Amino acid sequence: MEKVMKRISILCCFVLCFLQLSAQEKGVQFQALTFKQALDKAKAENKLVFIDCYTSWCGPCKYMLNTVFVLPEMGAFFNDQFVNVKYDMEKGEGPWLRGRFHVSSYPTFLILRSDGALQHRIVGSRPAEDFLECVKRGAKEETSQFYLDQLYRQGKLDKQQLISYRAALGDAKRNAELKQITGEEFKQLSDDERCLSRYWYIYDQEEINLEDERFAYLIAHKAEFDKQVGKEIVDKRIYDNYFERLAAIKSNVPVAELVALMKKQIASVDFEGKAEIFLSLCFVEAR
């Protein structure tokens, strides 16, 4: 009986290993190439280069490798479009690549042309469907960061390209630039347009602080935003803005002006969690 159980255990291990290898074969095929070899192969095959910039200690990097890149639908797209490589940013060519492409968080994914020029950057892990959407955006020149950056600097982005540019900036988590872009959009909208649900992304950003004119507009027109967007969504955005700002206050920083502004704003608007925010504000002021 013991021998039978041992054989079954060994058989299960073989099956498990086979299934893992089979999944890897169907997923993204990362090739053991130097950076130069990857560029040369991409040029010969008329492909782009996809680089997974990871570290050995990065949990989200392992999630992408073991959960996302092993999927057949990922392999079907990546293996056809790219020469896929991955480099530990702390070993071998990693530190040099980290400096060349200004990689500062992990995982970071780079889409390069065969001449080594950066076409698109994706920062952070994502579910497979969302990540594939980012990659497809970066693989097409007309929706890539490189192309849209150039158009933006030249002042030539049309409305549709502006939508693509926002998405590209979001892929790379270039939040400061995203805030600037949406701020410019806000100024171009009429009062009738500013409260519409399709423009909610202009206000739904963590980087918009309490002093921003967009937040002041949201507070002043909350009733209309509740109708167009939904009270629960609007309340959460307002609550989060206040909560995050209060949580970031340090005890040795003067807060008189900020407290006065928050009191004035809070007194003029109702939202879920208002009492909690007000008590926290009083605590900060007293401290």
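The model is predicted, so local features need pLDDT of at least 70 and side-chain atom pairs count only at pLDDT 80 or more, while totals for chains, interfaces and linings use all residues. Residues are numbered from 1 along each chain as its sequence is written, and side-chain values use heavy atoms, with hydrogens and water left out.

**Overall form**

The protein chain has 15 helices and four strands; these are DSSP runs numbered from the N terminus, helices being H or I of at least four residues and strands E of at least two. Its C-alpha trace spans about 70 × 65 × 40 Å along the principal axes. The radius of gyration is 25 Å, whereas a compact globule of 287 residues would have one near 19 Å; the value is taken over C-alpha atoms, and the globule rule is 2.2 Å times the number of residues to the power 0.38. Of the 287 residues, 42% count as buried, meaning under 20% relative accessible area with a 1.4 Å probe and protein chains only. Among contacts (heavy atoms within 4.5 Å) with a separation of 6 or more, 62% join residues 24 or more positions apart.

**Helices α9 and α11**

Helix α9 (residues 175–188) packs on helix α11 (residues 213–220) at about 50°, with the axes 10 Å apart. That angle makes α9 oblique to α11, since angles under 35 degrees count as roughly parallel, over 145 as roughly antiparallel, 65 to 115 as roughly perpendicular and the rest as oblique. The α9 side of the contact consists of Lys179, Thr182, Gly183, Phe186 and Lys187, and the α11 side of Glu213, Arg214 and Tyr217. By class, two of these residues are nonpolar, two polar and four charged.

Within α11, the buried residues are Arg214, Phe215, Tyr217, Leu218 and Ile219. Their cover includes α9, α10 (191–194), α12 (222–228), α13 (231–248) and α14 (256–267). Asp212 caps the N-terminal end of α11.

**Ser144**

Ser144 lies in the loop between α6 (128–139) and α7 (145–153). Ser144 is buried, with a relative accessible area of 0%. Leaving out residues up to four places away in sequence, Ser144 touches Gln119, His120, Arg137 and Gly138.

| Side chain | Backbone atom | Distance |
|---|---|---|
| Asp212 oxygen | Arg214 nitrogen | 2.7 Å |
| Ser144 | Glu141 oxygen | 2.8 Å |

Methods. Axes fitted to C-alpha atoms, helices over the stretch in contact; angles between N-to-C directions. Nonpolar A, V, L, I, M, F, W, Y, C, P; charged D, E, K, R; others polar. Buried < 20%, exposed > 50% of the residue type's maximum accessible area, 1.4 Å probe, protein only. Polar contact = N/O pair within 3.5 Å; in protein donor to acceptor, adjacent residues only side chain to side chain.
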